[in-house]
Amino acid sequence: MNELALCAGIGGISSGLRPLGVRTVCYVEKAPFAVEVLRARMRSGDLDDAPVWDDLCTFDGRVWLGRVDLVTAGFPCPPFSVAGSRLGREDERYLWPEVLRVVREVGPRFVLLENVPGLATADGGSILGEILGQLGEWAADRGGGLVEYHRLPAARVGAPQLRDRVWIVAATGVGQADA
């Protein structure tokens with residue numbers, strides 16, 4: 001299975017998927033420090049060697065059409081975080097529309113998103129509802145599927161921290177009985 005890692009950070013999601021046989025074919029990350037860590041982890045063999053694109057807003061996902069099974073994104077959390085101003089859609093770092101654009105361009109079978117728990121309550125929950133609705137429309141346009149979100153403590157997957165994360169999973173070509 002081939003992954004396109006949007007807002008890849010230092011490759012945490014990709015690293016977690018690698019033991020499952022998922023191969024990352026491209027990373028998209030803007031933060032210079034994170035890009036350097038990605039490159040160092042590729043050199044050391046801890047991450048798959050793949051190109052790194054530096055701006056999600058200029059990334060053309062159409063190049064990857066038919067070549068990617070999974071799009072992942074740990075899109076920026078400051079617009080939703082209770083530790084920040086919670087500007088939601090008004091925050092310049094609100095990149096959900098760009099993530100959705102790339103998902104539509106690439107046409108993967110699966111989407112896996114990660115964010116802070118504040119995503120569920122930002123703008124009265126309307127942002128999470130919008131994300132789930134838009135992914136549902138995307139799945140319906142591709143013959144149906146499922147979209148779910150879960151709030152999980154990081155410690156549940158072995159991380160040495162107490163904070164929770166919101167995970168959104170979307171899949172096409174499967175029904176509830178298949179999930």
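Contact, as the word is used here, means heavy atoms within 4.5 Å. The structure discussed is a predicted model.

Q: Which residues does Leu56 touch, not counting residues up to four places away in sequence?
A: Leu56 belongs to the loop between S3 and S4, and with a relative accessible area of 5% this loop residue is buried. The C-alpha atoms of Leu56 and Glu98 are separated by 6.8 Å, although the two residues stand 42 residues apart along the chain. Leaving out residues up to four places away in sequence, the residues that Leu56 touches are Leu6, Cys7, Val28, Leu95, Glu98, Val99, Arg101 and Val102.

Q: Which residues have the most contacts inside the largest nonpolar core?
A: In soluble globular proteins, nonpolar side chains tend to be buried together. Here the largest nonpolar core has 36 residues, and S1, S2, S4, H3, S5, H4 and S7 each supply at least two residues of this core. A second, separate core has 9 residues, among them Ala5, Ala8, Tyr27 and Ala50. Within the largest core, the residues with the most contacts are Leu4, Phe75 and Leu113.

Q: Leaving aside neighbours within four places in sequence, with which residues is Leu113 in contact?
A: Leu113 is one of the residues with the most contacts inside the largest nonpolar core, and strand S5 (110–115) is among the elements that supply at least two residues to this core. S5 itself is mostly covered, since 5 of its 6 residues are buried. Once neighbours within four places in sequence are set aside, the contacts of Leu113 are Ala73, Phe75, Trp96, Val99, Ile131, Leu135, Val166, Trp167 and Ile168.

Q: Which strands stand at the edges of the sheet, each with a single partner strand?
A: The sheet is open, with mixed pairing, and its 7 strands follow the order S3-S2-S1-S4-S5-S7-S6. A strand with a single partner has one side left without a neighbour in the sheet, and the strands to which this applies are S3 and S6.

Q: What is the bridge partner of Tyr27 in S3?
A: S2 and S3 run parallel and are joined by 2 bridges. Tyr27 is also one of the residues of the second, separate core. In S3, the bridge partner of Tyr27 is Val52.

Q: Is Asp91 buried or exposed?
A: The side chains of Arg93 and Asp91 meet in a salt bridge of 2.9 Å, N to O. Arg93 is partly exposed, with a relative accessible area of 40%. The relative accessibility of Asp91 is 6%, and as the cut-off for burial is under 20%, Asp91 counts as buried.

Q: How far apart are the closest N and O atoms of the salt bridge between Glu105 and Arg101?
A: Both Glu105 and Arg101 lie in helix H3, 4 residues apart, which is about one turn of the helix. Glu105 is buried, with a relative accessible area of 19%, while Arg101 is partly exposed at 22%. The closest N and O atoms of their salt bridge are separated by 3.1 Å.

Q: How many salt bridges does a search of the whole structure find?
A: One of them joins the side chains of Asp60 and Arg62 at 2.8 Å, N to O; Asp60 is partly exposed at 28% relative accessibility, and Arg62 is exposed at 57%. Arg89, Asp123 and Glu130 are linked in a network of salt bridges. Over the whole structure, the number of salt bridges found is 10.

Technical notes. Residues numbered from 1 in each chain as written. Predicted model: local features only at pLDDT ≥ 70, side-chain atom pairs only at ≥ 80, totals over all residues. Heavy atoms only, no water. Core = buried A, V, L, I, M, F, W, Y, C linked by side-chain atoms within 4.5 Å. Buried < 20%, exposed > 50% of the residue type's maximum accessible area, 1.4 Å probe, protein only. Salt bridge = Lys/Arg side-chain N within 4 Å of Asp/Glu carboxyl O. Pairing = 2+ DSSP bridges.
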